Amino acid sequence: MKPLISLSGLTKSFGDVEVLKGIEAEIGEGEFFSLLGPSGCGKTTLLRIIAGFETPTSGALLLGGQNMAGVPANKRPTNMVFQSYAVFPHLSVAQNVGFGLRRSGLSQTEKGKKIEEALGMVGLAGYGGRAAHALSGGQRQRVALARALILEPKVLLLDEPLSALDKKLREQMQSELRRLQRQVGITFILVTHDQEEALIMSDRIAVMFDGQIAQLAAPQELYRRPVSRRVGDFIGVMNFLPADGRLEEGRDIVLDIAGLGRTVVEQDQCPAGFVNGSGAVGVRPESLQILFEGEQARGEVAKGEVAEVIYYGDMTYYEIALPGAPERLTVSMKNRAGRPVLERGVAARLEWDASSLIYFPA
Amino acid sequence: MISWGVFHWKHAPFESPPKLLPQCRKSPLERAGVSHNLGRTTEHVSGDVGLSAGHGLSDAKKGLLLAAPPGLYAVLLLAVPLGAVLLLSFWSQDFLTLDRTFTLKNYREAFTEPLYMLLLGRSLLIAGAVTIATVVLAFPIAYFVSFYVRPERKSLWIFLITIPFWTSYLIRVFLWKVILGYNGVLNSSLQGLGIIEEPLTFILYNANAVVITLAHAFAPFAILPIFVALEKIDRSLLEASRDLGEGKFRTFTRVTLPLAMPGVVAAILIVFIPTIGDYVTPRLVGGPDGLMIANMIQTQFLKLNNAPLGAALAVIAMLSVSLISLGIVLATMRWMKGGK
């Protein structure tokens, strides 16, 4: 990966409030990069610093090897799709898309051709003459995208672009944005609070909490090996059980897990670095299995009771109460043919495997 | 304005409380099948006399009911006098009596006598100058308050801008006399500072004084609509313009100004329309060269006892204002549509 953007020691304070506390990251060329975190974690501020709308309190932002300090937004090779889309209401669709072409030196016909191309790319071919204020939310978003991409920026910045759309349209735009990014091959930086969206679209994700990057990794790595309980909890669903851990022969970790008992895991199942003492074990719902009648256990088995059943059609989520476990465990099961949906209150055998556990020392 | 008043006046009687209509007797309207809804209301209310008059009326009718009293008021105080003036302008004065035969004599006189056309032309010119001066000066103030004042301080600023209104219009005009006079505040200060030798005379008792005084008087009327239009501009639009490569100046001309235009047009109309008809300011600070058409209308009515000619002049002034205002509105509408 060739780095295009490098952030080093970036901090930002608004008055007494420190919004960013030393951001270190490198974002590659042609990468789909997401800044993911709950609201107030500083992700939008970071995006606005990259765009040039905010100046960092300290630290450096390099773009294509150039320090961006003192370079205003209109001189940066970045373009942004705003959360509100910021489509100019007094202009037509074509005038919106062509807004940034004023100084391109192109003739009117060349501009017209380029605008039509850009509109075609976002699926709005033939919409050029429409008034911008008459567009729907989804169409406005596409205009904002075309308007940014027509300038062929090195980086496209997307500030929660999908949060205002309804679910169906959002899913459609997710795959479309991904397709567009592959097509134009430029770096996309997406700000989102939706972990699913980040997993679906990104090459790499920076999870941010309280102005810091908690983990920067590819989606699979992030999902499988969260470095902290908080990251694991934020990305997808994760069950946590209190556990005590100690090193055995300086190699494997022996865990005493509430409700599951004693087991041994490997060192890389503790991504945060092992510390002797108490902590928590995390396990994903799909890593746990309910053994239905006649099914043979391949891993270890814990006995419990079905406390809650949530039926999703293709999946059923069970909450299993285990004796000795302080919290119920969520288990997701695919609804295969011939597999019954258990009822609340029945006894359940829970199969688990030590290799799917993640240990977080406290 | 006039047609609006008449519209409500025509409808107002229909909105009288339906419960007062006896159930057995149908109003002429209901018989004609005009007001189906009202008929139902009558039946409904008759069973429950205690219900309020507005209950069960459609929203549109409730709205009319609400607007009826001011509508009536507007008709009485605006449409009726206006009609009277219009009528009067087609009559003529025969020494002490009014000759009520229809004539265009007054209009002929108004258009042929150079003095009247001079006064009308001067009024339009002064009003135009006042409008331009006011809007050009008001815009930066509105812009400053909208873009640079902290949100929690904005209402304070708007409040401060209206302070000149706390005192009477007349007193403000007199104060300008004190400021602009031969031995006034401005002249003595400039002389005291050694900037000028002789007192400036072009600032009082002429058209300049009228423009200065009126521009000050109407400033808040221009600032407020422009401020409101600027407030409504989504700030991310300005960031988007910067993001798309435009600097501060181009962002202003391509985004801020076009979006503020409705407020600017409102300001232009609010200042221009009443300024043409102003007669207090030209009378007090205008001197002989600063008199405007309204002064002549007043003279015709009160001093020369020629109300019909005064009425004709008033109608002509009113039509000029209407046509120019319409022109401004149409021009801006076209500009906004085909705007860049």
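User: What makes the crossing of helix 8 of chain B and helix 10 of chain B right-handed or left-handed?

Analyst: In this predicted model, the crossing of helix 8 of chain B and helix 10 of chain B is right-handed. A crossing is right-handed if the near helix is turned clockwise from the far one by less than a right angle, and left-handed if anticlockwise. Helices are DSSP runs of H or I with at least four residues, strands are runs of E with at least two, and both are numbered from the N terminus.

User: Why is helix 8 of chain B called oblique to helix 10 of chain B?

Analyst: Helix 8 (residues 169–180) of chain B packs against helix 10 of chain B at an angle of about 135°, with the axes 10 Å apart. Angles under 35 degrees count as roughly parallel, over 145 as roughly antiparallel, 65 to 115 as roughly perpendicular and the rest as oblique. The pair is therefore oblique. The contact (heavy atoms within 4.5 Å) includes B:W176 of helix 8 of chain B and B:H216 of helix 10 of chain B. By class, this contact has eight nonpolar, two polar and one charged residues.

User: What makes helix 7 of chain B roughly antiparallel to helix 10 of chain B?

Analyst: Helix 7 (residues 154–161) of chain B and helix 10 (residues 207–231) of chain B pack at about 160°, and angles over 145 degrees count as roughly antiparallel. The angle of about 160° therefore makes the pair roughly antiparallel. On helix 7 of chain B the contact is made by B:K154, B:I158 and B:I161. The crossing of helix 7 of chain B and helix 10 of chain B is left-handed.

User: How do you know on which side of helix 5 of chain B the buried residues lie?

Analyst: The buried residues of helix 5 (residues 105–112) of chain B are B:N106, B:Y107 and B:A110. They cover an arc of only 95° around the axis, so they lie on the same side of helix 5 of chain B. The arc is that of the directions from the helix axis to the C-beta atoms. The face turned away from the buried side carries the exposed residues B:R108 and B:T112. Buried means under 20% relative accessible area, exposed over 50%, and partly exposed in between (1.4 Å probe, protein chains only).

User: How many of the residues of chain A count as buried?

Analyst: Of the 362 residues of chain A, 49% count as buried. Chain A has eight helices and 20 strands.

User: On what basis are the values stated?

Analyst: Residues are numbered from 1 along each chain as its sequence is written, and chains are lettered from A in the order in which they are written. Local features need pLDDT of at least 70 and side-chain atom pairs count only at pLDDT 80 or more, while side-chain values use heavy atoms, with hydrogens and water left out.

Note on methods
Axes are lines fitted to C-alpha atoms, for helices over the stretch in contact, and angles run from 0 to 180 degrees between N-to-C directions. Ala, Val, Leu, Ile, Met, Phe, Trp, Tyr, Cys and Pro count as nonpolar, Asp, Glu, Lys and Arg as charged, and the others, Gly among them, as polar.
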